[in-house]
Amino acid sequence: MPLDDRKLKILQTIIRNYLETGEPVGSRTISKFADLNLSSATIRNEMADLEEMGYILQPYTSAGRIPSDKGYRLYVDTMMDEKNREIDELKETLLEKADKIDHLLKQAAKVLAVNTNYASMISAPNYRHNKLKFIQLTKVDKNQLLAVIVVEGNVIKNHILNLAEQLDDETLLKLNILLNTHLNGLSIDDISLSMIQTLKKQAGSYSAIVGEVIEAVGDAIKADEDLEIYTSGTNNIFKYPELADHHKASELISAFEEKRLLTELVSENGGDSTGIQVYIGNETSIQSMKDCSIVTATYELEEGMRGTIGIIGPKRMDYDKVVGVLKSLKSQLEDLYKN
């Protein structure tokens, strides 16, 4: 059942007050807002309806109300759209383009934590559905070849092959043509056993070289599966009483230090969409983050080259600001990479 305008305004007022204070909100507090023009009795009746509908909770007897996960969800999905503010707080820091993407991401994670007062994480770009672009075999000396393997995102991997016998230039040229003709544009899943057998057969006495090159191709394509994740602002967790409990805080800090759960978060985010994702409370599968809200954005530096930006904080986080900061950072990362 959709909420009418009056209930929406009361719910919005409760959420905004709770975001600012962290304290349950009573009808007397709500009645002070002039644009409502409602008596305390009317507000209490509306709050009772909102509680029955599952949008707010009463944490203990005689207390005011706090938002439920359902209430936060409605706020995120509808009320936040009314503001749609553009946040430009990262502009000065990120205008200086870093020489390396990992330096840029480390810097961005720190700025993100400072600007939001929450914990932040950024995963390095991962090459999804990675494909081979080309292979170049060249002589190092009479007993060694260098296999230069280029995959999507222009990532270059080098592999040294030891030779049992010396190759002449004509044979090397034929092997280059054979490998590139059959393998260029393929992902690791596309390289079947029958294809490998066909290539080895065509290579004749040089089948061992082809086999080793194919193994190196597989390693190059899969090399980016281990995510690098940069974090910052872990100590910000202690600023929020609902997360500062020793057990909760230690679990969250462990998650940031070990990063295994953050890798799960990136996988949960999926990366198939470059929009904003919001996980409130139990909406995340990560047990140690059930008392948190997590807001993520997927940035794309070029086709198939994606990473995840995330903010982890209390459920009463300032969603408007967080979403605005993430949109701004996502846009700047993509622009800086292209320039």
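Visitor: Which relative accessible areas count as buried, exposed and partly exposed?
Guide: With a 1.4 Å probe and protein chains only, exposed means over 50% relative accessible area, partly exposed lies in between, and buried means under 20%. This is a predicted model, in which local features need pLDDT of at least 70, side-chain atom pairs count only at pLDDT 80 or more, and totals for chains, interfaces and linings use all residues. Residues are numbered from 1 along each chain as its sequence is written, and side-chain values use heavy atoms, with hydrogens and water left out.

Visitor: Is L186 buried or exposed?
Guide: L186 sits in the loop between helix 7 (169–183) and helix 8 (193–203), helices being DSSP runs of H or I with at least four residues, numbered from the N terminus. Its relative accessible area is 17%, and because buried means under 20%, L186 is buried.

Visitor: What separates the C-alpha atoms of L186 and K131?
Guide: L186 and K131 are 55 residues apart along the chain. In the model, the separation of their C-alpha atoms is 5.2 Å.

Visitor: How is helix 1 oriented to helix 3?
Guide: Helix 1 (residues 5–21) and helix 3 (residues 40–52) have axes 10 Å apart and pack at an angle of about 85 degrees, where axes are lines fitted to C-alpha atoms over the stretch in contact and angles run from 0 to 180 degrees between N-to-C directions. Angles under 35 degrees count as roughly parallel, over 145 as roughly antiparallel, 65 to 115 as roughly perpendicular and the rest as oblique. Helix 1 is therefore, relative to helix 3, roughly perpendicular.

Definitions and conventions
Helices (H or I, at least four residues) and strands (E, at least two) are DSSP runs, numbered from the N terminus.
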